[in-house]
Amino acid sequence: KYVYVVSGAILIGAVDLDSQDLDTFVLSAEKPEILYIPPNHANGFKTLTDDAKVIFFSTTKLNEFKDDDIRFPANKWNIWEVVHR
């Protein structure tokens, strides 16, 4: 999966389901970049600006991932806190 922010900004988190390692990213249209989320990673995002628009690209065909839609509680991993560095 690839993620691109067209406008505004988002916070996105990806968790390796084997190791439970968590990575968080802030993506912004002001600094365009494409984020790659590898297979076997749960992911979620929240908008940081009212004008946020995001495009998700998949390398998998629709019929290949129809049984791969696994949902987790929104607070299972603490990815929602924005840390300013």
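User: What are the ground rules for the numbers?

Analyst: Residues are numbered from 1 along each chain as its sequence is written. The model is predicted, so local features need pLDDT of at least 70, side-chain atom pairs need pLDDT 80 or more, and totals for chains, interfaces and linings use all residues, while side-chain values use heavy atoms, without hydrogens and water.

User: How many helices and strands does the protein have, and what makes a run count as one?

Analyst: The protein has 1 helix and 6 strands. Helices are DSSP runs of H or I with at least four residues; strands are runs of E with at least two; both are numbered from the N terminus. Along the sequence the pattern reads β-β-β-β-β-β-α.

User: Why is K53 called exposed?

Analyst: Exposed means over 50% relative accessible area, buried means under 20%, and partly exposed lies in between (1.4 Å probe, protein chains only). K53 has 55% relative accessibility, so K53 counts as exposed. K53 is in strand β6.

User: Why is Y36 called partly exposed?

Analyst: Y36 has a relative accessible area of 42%, so Y36 is partly exposed. Y36 sits in strand β4.

User: Which residues does K53 contact, leaving aside neighbours within four places in sequence?

Analyst: They are Y4, V5, V6 and S7. Contact means heavy atoms within 4.5 Å.

User: What makes the nonpolar surface patch?

Analyst: Y2, V6, I34, Y36, I55 and F57 make a nonpolar patch of about 550 Å². Patch residues have over 30% relative accessible area and no salt bridge; nonpolar side chains (Val, Leu, Ile, Met, Phe, Trp, Tyr) are joined within 5 Å, like charges within 9 Å. A salt bridge puts a side-chain nitrogen of Lys or Arg within 4 Å of a carboxyl oxygen of Asp or Glu. Areas come from the Shrake-Rupley method with a 1.4 Å probe; for residues, only the protein chains shown count as cover. Strands β1 (2-7), β4 (34-36) and β6 (53-57) each supply at least two residues of the patch.

User: How do you know that β2 and β5 pair?

Analyst: Two strands pair if DSSP finds at least two bridges between them. β2 (residues 9-16) and β5 are joined by 7 bridges, so they pair, and they run antiparallel. L11 has K46 in β5 as its bridge partner.

User: Why do β3 and β5 stand at the edges of their sheet?

Analyst: The open sheet has 3 strands in the order β3-β2-β5, with antiparallel pairing. β3 (22-28) and β5 (41-47) each have a single partner strand, so one side of each is left without a neighbour in the sheet.
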